[in-house]
Amino acid sequence: MTYLVGEVYVTPTSSAIIPPFTSKVGKTLVRNNNVTISPLKKGGLYLVKYSPLPYFMEVEGGNVYSFEVGGRYEDVIVALSQLENKVVFNTEWKIVDVKLNPVNFNCDRKFTVEILTPALIIDPIIKSKKKRFTNLFSFVFAVNFMDHFKLDREEYKEMITEIEEKVREEPSKMRYATVIYAGKEVVGMLGILRYELLKRDESIFRVIENAIAKGIGSSRRNGFGRVKITCGEE
């Protein structure tokens with residue numbers, strides 16, 4: 001299975017006020033449930049307001065912003081082919097450009113995961129609305145394993161010990177951030193997570209590619225859990 005990230009460049013025709021978590025713009029332009037959508041980006045940074053208060057953000061008319069559409073190659077191509085200019089938050093957003101970035105991951109030993117938007121790590125052991133705050137590899141990438149291999153929770157639970165025999169957690173830097181999404185306070189995990197491969201396994205690489213394209217944790221379609229994953233240590 002091949003994964004792809006499409007970066008869509010857009011411009012609002014006039015200045016507008018938008019919510020503090022800005023993925024609603026991309027979600028409105030891309031009406032496809034098979035892909036994930038990132039918040040808006042400007043200058044390489046995601047436009048997310050970190051605060052427990054509902055502060056809004058402003059975009060300026062004529063400026064170029066972008067957002068990412070990630071998923072299986074075929075799903076992303078279909079989603080991008082359906083793009084069209086739309087009015088969102090009282091301004092028309094025009095499509096300026098689209099760039100395609102195929103996802104390929106191959107690493108000999110150590111790799112680093114930089115969490116760029118708050119990640120909502122599910123509990124793969126106990127079904128719960130509560131999120132986990134951990135760098136445990138089998139938890140951080142649980143959604144990706146289940147998504148890539150089409151596993152349910154019980155099937156995945158049987159794999160966890162085997163997965164942890166293949167990847168070891170290294171000293172990591174984690175912090176927690178609060179954002180307002182859809183009027184509700186959401187606490188997610190940010191930081192830099194480091195891992196070491198103990199056994200070379202192509203299935204691990206495919207799961208990591210799923211994470212690069214679609215993000216980690218739950219609510220990925222809403223822009224949570226966007227990551228940058230690189231070989232070596234940062």
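Which residue forms a salt bridge with R200? The partner is E202, and the closest N and O atoms of the two side chains are 3.6 Å apart. A salt bridge here is a side-chain nitrogen of Lys or Arg within 4 Å of a carboxyl oxygen of Asp or Glu. The points below set this pair in its surroundings.

1. Basis of the note. The structure is a predicted model, in which local features need pLDDT of at least 70 and side-chain atom pairs count only at pLDDT 80 or more, while totals for chains, interfaces and linings use all residues. Residues are numbered from 1 along each chain as its sequence is written, and side-chain values use heavy atoms, with hydrogens and water left out.

2. The four-stranded sheet. An open sheet of four strands has the order β11-β12-β10-β13, and its pairing is antiparallel. Its edge strands are β11 (167-181) and β13 (227-231), each of which pairs on one side only. On average, neighbouring strands of this sheet are turned by 10° against each other, direction ignored. Helices (H or I, at least four residues) and strands (E, at least two) are DSSP runs, numbered from the N terminus. Two strands pair if DSSP finds at least two bridges between them.

3. Strand β11 pairs with β12 (residues 184-197) in the antiparallel sense over 13 bridges. For R168, the bridge partner in β12 is E196. In a regular strand the side chains alternate between the two faces of the sheet.

4. The helix across the sheet. Helix α7 (residues 202-214) lies across β10 (110-119), β11, β12 and β13, and runs at about 145° to β13. Axes are lines fitted to C-alpha atoms, for helices over the stretch in contact, and angles run from 0 to 180 degrees between N-to-C directions. Contact means heavy atoms within 4.5 Å.

5. Strands β1, β8 and β9. Strand β1 (residues 3-12) pairs with β9 (residues 91-102) in the antiparallel sense over nine bridges, and E7 has K99 as its bridge partner in β9. Strand β8 (residues 86-88) runs antiparallel to β9 and is joined to it by three bridges. The bridge partner of V88 in β9 is T91. Two residues stand between the strands in the hairpin of β8 and β9, where F89 takes a positive phi near 55°.

6. A mostly covered helix. Seven of the eight residues of helix α4 (residues 142-149) are buried. Buried means under 20% relative accessible area, exposed over 50%, and partly exposed in between (1.4 Å probe, protein chains only). The buried residues are A142, V143, N144, F145, M146, D147 and H148. Their cover includes β1, α3 (137-140), α5 (153-157), α6 (160-164) and α7. After α4 comes K150, whose phi is positive, near 55°.

7. The nonpolar cores. A nonpolar core is a set of buried Ala, Val, Leu, Ile, Met, Phe, Trp, Tyr and Cys residues joined through side-chain atoms within 4.5 Å. The largest one has 39 residues, of which F111, F141 and I229 touch the most other members. Helix α7 gives the most to this core, with seven residues. Leaving aside residues up to four places away in sequence, F141 touches V113, Y156, Y195, V207, I208, A211, I216 and I229. A second, separate core of 23 residues includes M57, V76, A79 and V88. In soluble globular proteins, nonpolar side chains tend to be buried together.

8. The whole structure contains 18 salt bridges. One of them joins E68 to K41, with the closest N and O atoms 3.0 Å apart. E68 lies in strand β7 (residues 65-72) and K41 in strand β4 (residues 41-42), so the pair ties together parts that are 27 residues apart in sequence. E68 counts as buried at 10% relative accessibility, and K41 counts as buried at 12%. K110 forms a salt bridge with E170, the closest N and O atoms being 3.5 Å apart. Because K110 lies in β10 and E170 in β11, this pair ties together parts that are 60 residues apart in sequence. K110 is partly exposed at 23% relative accessibility, whereas E170 is buried at 16%.

9. The opening pair again. R200 counts as partly exposed at 49% relative accessibility, and E202 counts as partly exposed at 41%. Both belong to a network of salt bridges that links D108, R200, E202, R206 and E209. Side chains of opposite charge can pair when their charged atoms come close.
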